[in-house]
Amino acid sequence: MTEHGPPPGAAAHDEGVRLRTAAVVGTGLIGTSVALALSARGVVTYLLDRDPATARTAASLGAGLAAFPPAPVDLAVLAMPPSKIAGALVEYQRAGLAEHFTDVGSVKVPAELAMRTADCDLSRYVGGHPMAGREQSGPLAADAGLFRGRPWVLTPSERTGGTVVELARQLIELCGACPVTMPAELHDRTVALTSHAPHLVSALIAGRLAQADDQQLRLAGRGLRDVTRIALGDPELWSDILRSNATAVLEVLREVADDLAVAVAALDWLGDLDPDLRRRGEEELRALLAAGVTGRGRLAERSPAQV
């Protein structure tokens, strides 16, 4: 994994290339935030969405022009659920929307495999994923500063051309983010651990609150709100994400399930009359809690841009 230099397999790129025009396909939270950042930096940006009213809303916020560009733009950003990206690349390459393409999908391998099957021109495409977001959705939740200081992953393949990588890097810099390059497979395993599995676990904990009575909820403090904050994400989008990255998420959750089984056994032993079992239960719980402190400490040591 590298933060600088050309990706493996990429052709040498034109140092004189400059991102002047762009199109954003999908004007939800992420797409509109990208468009706002680009427009604020002087990039002529066109907005497309399956719902034209959503694109017009984004345009009203200053994100760009709600129209198909009159000529191919330098770079198109596909901002949609992971399962839709390959089909969108086929459609918009054929339509001549842009010279080059990237995306902001949070799962990379399935989309790339589908693109290869569809015989897309992968020399003009590079996968991308900004590591930023919020619980709200839609263009009204967008923020031009959403990506500032955050990692933005690029996942070039052996077919990826140097020019599209350069344009994508300029996109990232214009959005104030920090480019990071890694293989698609590593990206998907990484986000399973750092994003996708945590979201599902957060939703499971939050689901326990659905039937809680008002008196119980009055006692909820900041800790519970922190743990369940990300559970507010759009269920349709997150179903798509988890389905697209199911194998990698499953690997993480199996390990979590093993730890939960240890915790359940330890709590059971704490209620036993046998002092040896009670002692063992205390030791097991202490080890699990200590591992949590260690892991959280490692996270605290790194700034968001240090990947």
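Guide: This is a predicted model, and a residue in it is called buried when its relative accessible area is under 20%. By that criterion, buried residues make up 40% of the 307 residues in the protein. The C-alpha trace spans about 80 × 45 × 35 Å along the principal axes, and the chain holds 11 helices and seven strands.

Visitor: Why are strand 2 and strand 7 called edge strands?

Guide: The seven strands form an open sheet in the order 2-1-3-4-5-6-7, with mixed pairing. Strand 2 (44-48) and strand 7 (178-181) each pair on one side only, and that is what makes them the edge strands. From one strand to the next, the twist averages 30°.

Visitor: What describes the packing of helix 4 against helix 6?

Guide: Two packed helices are described by the angle between their axes and by the distance between those axes. For helix 4 (residues 109-117) and helix 6 (residues 184-207), the angle is about 145° and the axes lie 9 Å apart. Helix 4 contributes V109, P110 and E112 to the contact, and helix 6 contributes A184, E185 and D188. By class, that contact has three nonpolar, no polar and three charged residues.

Visitor: Which elements supply the lining of the second largest pocket?

Guide: Helix 4, helix 6, helix 9 (235-244) and helix 10 (246-270) each supply at least two residues of that lining, and helix 10 gives the largest share, four residues. Among the lining residues are V109, P110, E185 and D188, together with R243 and E251. The lining divides into four nonpolar, three polar and five charged residues, and the volume of the second largest pocket is about 150 Å³.

Visitor: Why is the other kind of space called a cavity rather than a pocket?

Guide: The term cavity is kept for points where a 1.4 Å probe fits but cannot get out, whereas a pocket is an open set. A search of the whole structure finds one cavity of 30 Å³ or more, and about 40 Å³ of space lies in the largest cavity. Its lining consists of E112, L122, Y125, V126, G127, T155, S157 and T160, with strand 5 (residues 125-130) giving the most, three residues. By class, the lining of the largest cavity has three nonpolar, four polar and one charged residues.

Visitor: What share of the contacts with a separation of 6 or more joins residues 24 or more positions apart?

Guide: Such residues account for 72% of the contacts in the protein with a separation of 6 or more, where a contact requires heavy atoms within 4.5 Å.

Methods:
Residues numbered from 1 in each chain as written. Predicted model: local features only at pLDDT ≥ 70, side-chain atom pairs only at ≥ 80, totals over all residues. Heavy atoms only, no water. Pairing = 2+ DSSP bridges. Axes fitted to C-alpha atoms, helices over the stretch in contact; angles between N-to-C directions. Nonpolar A, V, L, I, M, F, W, Y, C, P; charged D, E, K, R; others polar. 1 Å grid on protein atoms, 1.4 Å probe; cavity = no way out; pocket = protein on both sides within 12 Å on 5 of 7 lines; lining within 4 Å. Points joined across faces, edges and corners; volume = space filled by probe spheres on them. Buried < 20%, exposed > 50% of the residue type's maximum accessible area, 1.4 Å probe, protein only.
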